[in-house]
Amino acid sequence: MDTPKSKKLDIIIPAFRGHSQNFLMVLDGISEENALKRIEGRTNHIVWMVGNFLDMRYALGNVLGISQEFEFKDFFFQGKALDESLNYPTLQQLKDDFHKISPLVYNKLLDISDEELDKAFPMGMNIDFFPETVLNFVGMCIGREDYLCGQIGLMRRILGYEGMKYDFDKDLKY
């Protein structure tokens, strides 16, 4: 395992890499057609979930100093509600984008210092037990990714796909 400069990220680094693996495995075999299906008109579709996952990765990257902008930001920024009138990007386009941003964010996580993690990062939450710092924003992003992978896993089963396989790619270094 790669060792982060900050010991505060000892738990984040394996979680980030695990989420990258889960993201790819949970999407394995999902067709473009099924990725746009909603259940009884009440759920988001998989493409929206994947886009939201990527919006988190880009937001995290931006906070860490990466100046890359998410090509499909207008569809997903800050959990923007699904709009059935829009022509969303394809699942493949989003997967390709995942492979662009993820290694950049991963390398920034490895290189960030304690001082940078402790910097204030106002989120407007105003919760007394939740200091608004870069470190806590990193944790929030990791939590959101976990949630979205679970949602996609549930959609996978509802759409008739077999459960996610845990075939980890040991060569994926982000």
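This is a predicted model: local features need pLDDT of at least 70, side-chain atom pairs count only at pLDDT 80 or more; totals for chains, interfaces and linings use all residues.

1. A salt bridge is taken here as a side-chain nitrogen of Lys or Arg within 4 Å of a carboxyl oxygen of Asp or Glu. Arg42 and Glu40 form such a bridge, with their closest N and O atoms 3.8 Å apart. Arg42 is exposed, at a relative accessible area of 70%, and Glu40 is exposed as well, at 67%. In these terms, buried means under 20% relative accessible area, exposed over 50%, and partly exposed in between (1.4 Å probe, protein chains only).

2. Residues are numbered from 1 along each chain as its sequence is written, and side-chain values use heavy atoms, with hydrogens and water left out.

3. Seven salt bridges are found in a search of the whole structure. One of them joins Lys8 to Asp118, with the closest N and O atoms 2.5 Å apart. Lys8 lies in the segment before helix 1 (12-27) and Asp118 in the loop between helix 5 and helix 6, so this bridge ties together parts that are 110 residues apart in sequence. Helices (H or I, at least four residues) are DSSP runs, numbered from the N terminus. Both partners are partly exposed: Lys8 has a relative accessible area of 34%, and Asp118 one of 42%.

4. A further salt bridge is formed by the side chains of Glu84 and Arg38 (2.8 Å, N to O). This pair also links distant parts of the chain, with Glu84 in the loop between helix 3 and helix 4 and Arg38 in the loop between helix 1 and helix 2 (46-63), 46 residues apart. Glu84 is exposed at 62% relative accessibility, whereas Arg38 is partly exposed at 23%.

5. Which residues do ring pairs link into a cluster? The cluster consists of Tyr58, Phe70, Phe72, Phe75, Phe76 and Tyr88. Rings of Phe, Tyr and Trp (its six-membered ring) pair if their centres lie within 6.5 Å; planes under 30 degrees apart count as stacked, over 60 as edge-to-face and the rest as tilted. The structure holds 14 aromatic pairs. In one of them, the rings of Phe70 and Phe76 have centres 6.0 Å apart and planes at 20 degrees, so the pair is stacked. Phe70 and Phe76 are both buried.

6. The rings of Phe75 and Tyr88 have centres 5.1 Å apart and planes at 45 degrees, so this pair is tilted. Phe75 belongs to helix 3 (residues 73-76) and Tyr88 to the loop between helix 3 and helix 4 (91-111), 13 residues apart. Both Phe75 and Tyr88 are buried.

7. Two contacts place a charge over a ring, meaning that NZ of Lys or CZ of Arg is within 6 Å of the ring centre and within 35 degrees of the ring normal. The charged end of Arg57 sits over the ring of Phe16, 3.7 Å from its centre. That of Lys73 sits over the ring of Phe77, 4.7 Å from its centre.

8. Most residues other than glycine have a negative phi. Gln78, in the loop between helix 3 and helix 4, has a positive phi of about 50 degrees and is exposed, with a relative accessible area of 64%. Asn126 likewise has a positive phi, near 50 degrees. Asn126 is found in the loop between helix 5 (114-117) and helix 6 (134-158) and is exposed at 72% relative accessibility.

How values were computed:
Helices (H or I, at least four residues) and strands (E, at least two) are DSSP runs, numbered from the N terminus.
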